[in-house]
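Trainee: I would like to learn how to read a model of this kind, one feature at a time. Where do we begin?

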Amino acid sequence: MLSSLQFKTSLQFSVLFIPFLVPFFIILLHTPTSTLASLITTLPGNDTDRLALLAIKSQITHDPLGFFSSWNDSVHFCNWKGVTCGHLHQRVITLNLSNYNLVGSLSPHMGNLSFLRGINLQQNYFHGEIPPEVGRLYRLKYLNFSNNSFSGEIPVNLSGCSSLIMIRLGFNNLIGKIPSQLGSLQKLERFQLHYNHLRGQLPDSLGNLSSIRSFSMSVNGFEGTIPESLGRLKTLNFLGFGLNQLSGTIPHSLFNLSFISVFTLPFNQLHGNLPSNLGFTLPNLQVFNIGHNRFTGPLPQSLSNASNLLELDINSSNFTGKVKIDFGGLPSLWSLVLAANQLGNGEADDLSFLDSLTKCRDLRLLDLSENGFGGKLPHSIGNLSTQLVQLRLGGNQLSGSIPIEIENLVNLTELTMSKNNLSGSIHVIGNLPMLRRLDLSENAFSVHIPSSIGNITQFMLYTLKRTT
């Protein structure tokens, strides 16, 4: 409780100063917003932002679309093109310079925009290194430098941007390793580094990114094994590590990340078997591309349960055995590439899975070439989706004639059946009006070329060689 002396002192203060404060607030309420804004710009923090923006402008050597024409003192900097300020404090909170073909380097004064939440420089020609001063932006949530020509290494002190939700650095010329310190970014959801020149091993600390949803690291030079720690990332739904130099086996913990919808690891040096329960543990799988690796063993039959699957690509990966997947459970499948493996045993029922594939009504690409599939082409081939555009069956052990039902595939533009033991007439091919590429070479077909072939107005390539 206030003593009588304290109360008396407080009362005296109020009596003396309130009469002066009331007129001040009345004046403030009636002052135009533009006047207030000009008063606010005299504050030190605002001048820092203005000078930082001018420093950024000064590093631009080519501005073909006149983006920076408004960046001058005749207009308050919060009204400059691409600049957004907070309403209360008139400090820069977002900077959007994307898609203006700007040429130049990024000023280290960027680090002085201390209230910055988002910066977007994508689709320009920024070059040079990313200034380490960017690491001072502890409020920064969104950083997009993709599709530029940035070089040098990823700044270690980006880890100081503890609020980051998105890092997009794809399509640049960055080198070096991923700094292990970036594993401290607990709020990071999207991390994109594709199409750079990064090297080294993927750091174990990536497994600490507990909020991560998307890893896109394709087309770099990463090597070594995939860290087991990535199996802790329960929110991960996009995994893209294709076209690197990764080796070893895929950690089994990755196959337990039930939210994954895109799983792409093509063009690496990975080996081992796929788990038999893959289709159950990855129920949300939409894209599964692990082609051009060194896997062994059969394709898991459980893929029959991956009901959301759109693309399955295991091209050139050494898988063996019969295909036992029931594709009837994959109604949205539009691309199936099983080429260049050791699938099939040269037996009559090797292509029996085509019966279930007829239920995939969106199928556009079917590539079964360069395997060991035997037997005759089933009549059910004519019941495949009428959306089918490319059908590749070359390099197998197929025999018999081409089923007449194939004429139902009216949108087919490419048909390759070379290097088989097929025979008989090819007259049915003339009933495929959209055909542009046809290769029937190295079979035993009749040498008679039907006149209907001439009716294919979009026909571009025809190859026919009788096997001797």
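Mentor: Begin with exposure: a residue is buried under 20% relative accessible area, exposed over 50%, and partly exposed in between, using a 1.4 Å probe and protein chains only. By that scale R437 is partly exposed, at 33% relative accessibility. This is a predicted model, in which local features need pLDDT of at least 70 and side-chain atom pairs count only at pLDDT 80 or more, while totals for chains, interfaces and linings use all residues. Residues are numbered from 1 along each chain as its sequence is written, and side-chain values use heavy atoms, with hydrogens and water left out.

Trainee: What share of the 468 residues in the chain is buried?

Mentor: Buried residues account for 49% of them. Areas come from the Shrake-Rupley method with a 1.4 Å probe, and for residues only the protein chains shown count as cover. The accessible surface of the chain is about 21300 Å², and 55% of that belongs to carbon and sulfur atoms.

Trainee: How many helices and strands does the chain have?

Mentor: Helices (H or I, at least four residues) and strands (E, at least two) are DSSP runs, numbered from the N terminus. Here there are 5 helices and 33 strands.

Trainee: In what order do the 10 strands of the open sheet run?

Mentor: Two strands pair if DSSP finds at least two bridges between them. The order is β1-β4-β6-β8-β10-β12-β14-β16-β18-β20, with mixed pairing. At the edges are β1 (60–62) and β20 (294–295), each of which pairs on one side only. Inside the order, β10 (residues 173–176) and β12 (residues 197–201) run parallel and are joined by 2 bridges. I175 stands opposite H197 in β12.

Trainee: How many salt bridges does the structure hold?

Mentor: A salt bridge is a side-chain nitrogen of Lys or Arg within 4 Å of a carboxyl oxygen of Asp or Glu. The structure holds 10. One of them joins D349 to K322, with the closest N and O atoms 2.8 Å apart. That pair links distant parts of the chain, 27 residues apart: D349 is in the loop between β24 (342–343) and α5 (354–357), and K322 is in the loop between β22 and β23 (335–337). D349 is partly exposed at 41%, and K322 is partly exposed at 23%. Both belong to a network of salt bridges that links K322, E347, D349 and D350.

Trainee: Which side chain does R392 meet in a salt bridge?

Mentor: R392 meets E414, at 3.0 Å from N to O. R392 is in strand β27 (residues 390–392) and E414 in strand β29 (residues 414–416), 22 residues apart. E414 also meets R437, at 3.6 Å from N to O. R437 lies in strand β31 (residues 437–439) and E414 in strand β29, so this pair ties together parts 23 residues apart in sequence.

Trainee: Is E414 buried or exposed?

Mentor: E414 is buried, because its relative accessible area is 13%. R392 is partly exposed, at 23%.

Trainee: Which residues is S316 in contact with, leaving aside its neighbours within four places in sequence?

Mentor: Contact means heavy atoms within 4.5 Å. S316 contacts H292, N293, A339, A340 and N341. S316 sits in the loop between β21 (311–313) and β22 (320–321), and is partly exposed at 23%. Across the chain, among contacts between residues at least 6 apart in sequence, 53% join residues at least 24 apart.
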